[in-house]
Amino acid sequence: MSKVRQERTAEQIQVTLSELFLKEVSDPRLAGVTITEVLIDRELQHANVYVNALGDDERETEVLEGLESASGFLRSQVAQRLELRSAPFIHYHWDPRLRYAEEVNELLDRLDIPPAAESGDDGSTEQ
């Protein structure tokens, strides 16, 4: 399978699942779930879907349980909407990257960096 097809299918799965979460999934455990990344194998048989609940890490267990509960419906809808002969098995994973980014931002905010001293030299040399 070509890398381009693999990436395009992963992208289509991400868009399809996002639409399903917004419009058709009524499970309250999945409210506010964001798909951050989809990786699919070369044979298009297994898709790893990384999700986050808008930075709310306390909901990890709840969200993953909701996804497990809805996995059959979601898999069938993905196959139907993408017109795939066989639906990939979808494996859901919690994506902690949003929390890591938030922690880095907090660390940067706490740094006490004095402003650069203003000198008359602008760094250029005149001739």
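**View A. Pairing of strand 2 with strand 3 in the predicted model.** Strand 2 (46–52) and strand 3 (89–94) run parallel and are joined by six bridges, where two strands count as paired if DSSP finds at least two bridges between them. Val49 has Tyr92 as its bridge partner in strand 3. Helices (H or I, at least four residues) and strands (E, at least two) are DSSP runs, numbered from the N terminus. This is a predicted model, in which local features need pLDDT of at least 70 and side-chain atom pairs count only at pLDDT 80 or more, whereas totals for chains, interfaces and linings use all residues. Residues are numbered from 1 along each chain as its sequence is written, and side-chain values use heavy atoms, with hydrogens and water left out.

View B. The three strands form an open sheet in the order 1-2-3, with mixed pairing. Strand 1 (34–40) and strand 3 stand at the edges with a single partner strand each, so one side of each lacks a neighbour in the sheet. From one strand to the next, the twist averages 25°. Strand 1 pairs with strand 2 in the antiparallel sense over six bridges, and Val38 has Val49 as its bridge partner in strand 2. Helix 1 packs on the sheet, touching strand 1, strand 2 and strand 3, and its direction makes about 150° with that of strand 1; contact means heavy atoms within 4.5 Å, and axes are lines fitted to C-alpha atoms, for helices over the stretch in contact, with angles running from 0 to 180 degrees between N-to-C directions.

View C. Buried means under 20% relative accessible area, exposed over 50% and partly exposed in between (1.4 Å probe, protein chains only).

**View D. The kink in helix 2.** Helix 2 (residues 60–82) has 23 residues, yet its end C-alpha atoms are only 28 Å apart, short of the 33 Å that a straight helix would reach at 1.5 Å a residue. A kink of about 60° is centred on Ala70, the bend at a residue being the angle between axes fitted to the seven residues ending there and the seven starting there. Helix 2 lies across strand 2 and strand 3, running at about 160° to strand 3.

View E. Gln77 is buried, with a relative accessible area of 14%, and touches Leu20 and Glu24, not counting residues up to four places away in sequence.

Definitions and conventions. The expected span of a helix is 1.5 Å times one less than its number of residues.
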